[in-house]
Amino acid sequence: MYRIIDGRGSGKTSRLMLLAKENGATLVCSNPRAMEAKAHAYGIVGIDFMSYADAIDHMRYPDSRHTAENRRPAMVVDELEDFVQCALGMNGPLIGYTLSNED
């Protein structure tokens, strides 16, 4: 598992986009249209984008086409804390969490 943790303006998003492209992963984000435009501005094409809500629905109600031979696509998530808040239906801030550094 890759973890990209760095400050604002450090290139986290472009690194995540390249990771998605290299691994054939769907990039899950808050605004897929804006993120796709950003990727194209970086010259990165060929990535599928999905909103947090769509990713959550996709996990709860998987497409029937996904079988053992045709597994769900891999995903990378932009702004994991925002995704978790969306998944949990939280209206307030996420106060804390743990994260193991093991692979």
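Colleague: Is isoleucine 56 buried or exposed in this model?

Modeller: In this predicted model, the term buried is applied to a residue with under 20% relative accessible area. Isoleucine 56 has a relative accessible area of 8%, so it counts as buried.

Colleague: Which element holds isoleucine 56, and which residues is it in contact with, leaving aside its neighbours within four places in sequence?

Modeller: Isoleucine 56 lies in helix α3, which covers residues 52–60. Although isoleucine 56 and cysteine 86 are 30 residues apart in sequence, their C-alpha atoms are 8.5 Å apart in space. Once the neighbours within four places in sequence are left aside, the contacts of isoleucine 56 are Phe83, Cys86 and Ala87.

Colleague: Which strands stand at the edges of the open sheet, and why?

Modeller: The sheet has three strands with parallel pairing, in the order β2-β1-β3. Since a single partner strand is found for each of β2 (48–51) and β3 (75–77), one side of each is left without a neighbour in the sheet, and the strands at the edges are therefore β2 and β3.

Colleague: Which residue of β3 stands opposite valine 28?

Modeller: Strand β1 (residues 26–29) and β3 run parallel and are joined by three bridges. Within β3, the residue that stands opposite valine 28 is valine 77.

Colleague: What angle does the direction of α3 make with that of β2?

Modeller: Helix α2 (residues 32–41) packs on the sheet, where it touches β1 and β2, and its direction makes about 150 degrees with that of β2. Helix α3 also packs on the sheet, touching β1, β2 and β3, and the angle between its direction and that of β2 is about 90 degrees.

How values were computed. Residues numbered from 1 in each chain as written. Predicted model: local features only at pLDDT ≥ 70, side-chain atom pairs only at ≥ 80, totals over all residues. Heavy atoms only, no water. Helix = DSSP H or I, 4+ residues; strand = E, 2+ residues; numbered from the N terminus. Buried < 20%, exposed > 50% of the residue type's maximum accessible area, 1.4 Å probe, protein only. Contact = heavy atoms within 4.5 Å. Pairing = 2+ DSSP bridges. Axes fitted to C-alpha atoms, helices over the stretch in contact; angles between N-to-C directions.
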